[in-house]
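The following paragraphs guide the reader through one protein structure. Please keep the sequence and the model in view while reading.

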Amino acid sequence: MRSNRFFLIYLCIVALQILICNYLNLSYYLTLSLLPVIVILIPVRYSTIAAMLIAAASGFVVDILGDGVLGLNMLAITPVALARKGLLSIVFGQEVFAQNEDVTIKKYGIIKFIGFIAIAQALFLLIYILADGAGTRPFWFNALRFGISLVTGILVSLFIADNLTKDYRER
């Protein structure tokens, strides 16, 4: 049941990402992506290959239906899915895999979650911004875009992660 709820929300967030790509262009310095947080929060029981396929498909759908360059989101989100289990292990320890539990902010704390989200966002943005600019933009522009996008992405992703990882059995 929990998995069905997660993937329903996952699809809604992918749709929201498409709307952001098409209608929310605030600045050249801001790349707001919700994909990293939903990919790293794919339930632990799913393998790395499954997570990579889900991420690649999500990125491809955003590329086709959004205003981006075809393949850009797919290129940037797939390595985040590849790094997902390693990040879980580094940030939260082997306990996550031993108990086969999904991570929650309530269980592991907000500081660890911010670090978890920051690493995923940074990996995504590094690949996305480098591929998007393809060496045509100056370093200062890319660095500023990375910084602004990272801070904004962490804040928005934290809100999404909090809502995605709530344990609704407590109510």
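Two residues are said to be in contact when heavy atoms lie within 4.5 Å. The structure shown is a predicted model. With neighbours within four places in sequence left aside, F92 is in contact with L87, V103, Y108, K112, F113 and F116.

The largest nonpolar core comprises 48 residues, and F92 is listed with I38, L41, V103 and F116 as having the most contacts inside it. Two or more residues of this core come from each of the helices α1 (2-23), α2 (35-40), α3 (48-65), α4 (72-92), α6 (105-108), α7 (110-133) and α8 (139-164).

The packing of these helices may now be considered pair by pair. Two packed helices are described by the angle between their axes and the distance between the axes.

As α3 passes α4, the crossing is right-handed. From α3 the contact draws on T48, A51, M52, A55, A56, G59, F60, V62 and D63. From α4 it draws on L72, N73, M74, I77, T78, A81, L82, R84 and K85. By class, 11 of the residues in this contact are nonpolar, 4 are polar and 3 are charged.

Helix α7, in turn, has α8 as a partner. The axes of α7 and α8 come within 8 Å, with a crossing angle of roughly 140°. How is this pair to be classed: oblique or roughly antiparallel? The limit for roughly antiparallel is over 145 degrees, and α7 and α8 are therefore oblique to each other. Their crossing is right-handed. In α7, the residues taking part are I110, F113, I114, I117, A118, Q121, A122, L125, L126, Y128, I129 and D132. Those they meet in α8 are N142, R145, F146, S149, L150, G153, I154, S157, L158 and A161. This contact divides into 15 nonpolar, 5 polar and 2 charged residues.

Two individual residues complete the account. E101 is situated in the loop between α5 (95-99) and α6. Because its relative accessible area is 32%, E101 is partly exposed. Apart from neighbours within four places in sequence, E101 is in contact with V44, V96 and K107. E101 and R45 are 56 residues apart in sequence, and their C-alpha atoms are 8.1 Å apart in space.

L16 belongs to helix α1. With a relative accessibility of 41%, L16 counts as partly exposed. L16 and I42 are separated by 26 residues in sequence and by 17 Å in space, C-alpha to C-alpha.

Notes: Residues numbered from 1 in each chain as written. Predicted model: local features only at pLDDT ≥ 70, side-chain atom pairs only at ≥ 80, totals over all residues. Heavy atoms only, no water. Core = buried A, V, L, I, M, F, W, Y, C linked by side-chain atoms within 4.5 Å. Buried < 20%, exposed > 50% of the residue type's maximum accessible area, 1.4 Å probe, protein only. Helix = DSSP H or I, 4+ residues; strand = E, 2+ residues; numbered from the N terminus. Axes fitted to C-alpha atoms, helices over the stretch in contact; angles between N-to-C directions. Parallel < 35°, antiparallel > 145°, perpendicular 65-115°, else oblique. Left-handed = near helix turned anticlockwise from the far one by under 90°. Nonpolar A, V, L, I, M, F, W, Y, C, P; charged D, E, K, R; others polar.
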